[in-house]
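Here is a friendly walk through one protein chain, written for someone who likes to check coordinates. Please have a viewer open as you read.

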Amino acid sequence: MKVLFTVKYDEEKLDTIRNLGYEVIYKSERIIENNDEINEVDALVTYDSFSRLDIKQMKNLKYIQTTSVGIDQIPKEEIINRDIMVANNRGGYSIPIGEWIVKSILDIYKNTISFYKNQQNKEWKTDFTTREISGLRVGFLGTGTIATEAAKRLKPFDVEIWGVNTKGSNRDYFDKCFATSDMDEVFKECDVVVASMPSTKETIGLVNKDKFELMKEGSAFINIGRGNLINQDDLINCIEKFRGVALDVFEEEPLNKDSKLWEFENLIATPHNSWWSDKNPDRVFNLVHNNLEKFIKGAQLKNVVNLKKGY
């Protein structure tokens, strides 16, 4: 079998793929173009080569492994029509994102941003408005791997964890779970709401004015899911009610310099950076290696995507 990599790994790692029985081809996705060699591959490991690569010409292609979690970049219609299997990197970035969620909650309740500003200005100012997070109730919209890793790390802080999933199914590390149809309870009763759902036709714009108005005065809102989960204009109109808001994703990225979101002192904005970790490359390659091993043996792959559902 032939596998095409458009993401770069060192020869030692690629040799482990060759040892599985593959002929390995590498071409950078920044310059890749279809040719006879590429059109014969059985498997493709890529981040986003589809703006340059026409998979209609790749008649042997049976399996695509993305190194991303999101799959908006792939040509879904062609893939569905040909029944090409797609697996993503679901869970690969969950640990660093989980840590970022914990950091953001602590930033909001410990007022760390104002302390950093005081330090930069060489100002010695005590602050008696900081709060413990012990006893807070944190609600997650979505109980997938990101929410689970965050919940696991929040538990030692003596935090109560609520979650929302399709049927309200119980999950490890969650004290209580609600069905999507009952998610208003999470907005009403939680001190912190974390949006960690994927972007689908059902979730786009899900968090809007009506949801923000349900939330407590002085509560916190965090979004690490997708920027289009929330209506940013509605957030701007409601933002003064929050103790703090932390956003790592936005409707349009990079965030426009003219956006009003830059102006709010209770907002922490980071440039879609929560996923990054020094351990990511090895973690992603381990997934790629294990899935290629299963593929060549005809075994069930990890993280196979249901393209009709979008995740």
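Predicted model: local features only at pLDDT ≥ 70, side-chain atom pairs only at ≥ 80, totals over all residues.

This report takes the sheets first, then the helices packed on them, a pocket, and a few backbone details.

If you want a residue pair to look up, Val3 has Ala43 as its bridge partner in strand 3.

The other sheet is also open and parallel, with seven strands in the order 8-7-6-9-10-11-12. Here the edge positions belong to strand 8 (176-179) and strand 12, and because each has a single partner strand, one side of each is left without a neighbour in the sheet. The twist in this sheet averages 15° from one strand to the next.

## Strands 10 and 11

Strand 10 (residues 220-223) pairs with strand 11 in the parallel sense, over four bridges. Phe221 stands opposite Val245 in strand 11, and the bridge partner of Ile222 in that strand is Ala246.

Which way do the residues of strand 11 point? Gly244 and Ala246 point one way, while Val245 and Leu247 point the other way. All four of these are buried.

## Helices against the sheets

Helix 6 (residues 145-154) lies across strand 6 and strand 7, and runs at about 170° to strand 6. Its buried residues are Ile146, Ala147, Glu149, Ala150, Ala151 and Leu154. What covers them includes helix 4, strand 6 and strand 7 (160-165).

## Arg137 in strand 6

Arg137 belongs to strand 6 (residues 137-141). Leaving out neighbours within four places in sequence, its contacts are Glu160, Trp162, Glu189, Cys190, Asp191 and Val192. Glu189 is 52 residues away along the chain, yet its C-alpha atom is separated from that of Arg137 by 7.7 Å.

## The second largest pocket

A probe the size of a water molecule, rolled over the atoms, shows where empty space is left. In this model, the second largest pocket holds about 360 Å³ of space. It is lined by 14 residues, and those nearest its centre are Asn111, Ile113, Ser114, Glu265 and Asn266. The elements giving two or more residues to this lining are helix 4 (94-110), helix 5 (112-120), strand 11 (244-247) and strand 12 (267-269).

Which helix gives the largest share of the lining of the second largest pocket? That is helix 5, with four residues. By class, the lining has five nonpolar, five polar and four charged residues.

## Backbone details and buried loop residues

Most residues other than glycine have a negative phi, and most peptide bonds are trans. Asn111, in the loop between helix 4 and helix 5, has a positive phi, near 55°. Its relative accessible area is 15%, so Asn111 counts as buried. Asn303, in the segment after helix 10, also has a positive phi, near 65°. With 7% relative accessibility, Asn303 is buried. The peptide bond joining Glu253 and Pro254 is cis, with omega about 0°, and Pro254 sits in the loop between strand 11 and strand 12.

How values were computed:
Residues numbered from 1 in each chain as written. Heavy atoms only, no water. 1 Å grid on protein atoms, 1.4 Å probe; cavity = no way out; pocket = protein on both sides within 12 Å on 5 of 7 lines; lining within 4 Å. Points joined across faces, edges and corners; volume = space filled by probe spheres on them. Nonpolar A, V, L, I, M, F, W, Y, C, P; charged D, E, K, R; others polar. Pairing = 2+ DSSP bridges. Buried < 20%, exposed > 50% of the residue type's maximum accessible area, 1.4 Å probe, protein only. Contact = heavy atoms within 4.5 Å. Axes fitted to C-alpha atoms, helices over the stretch in contact; angles between N-to-C directions.
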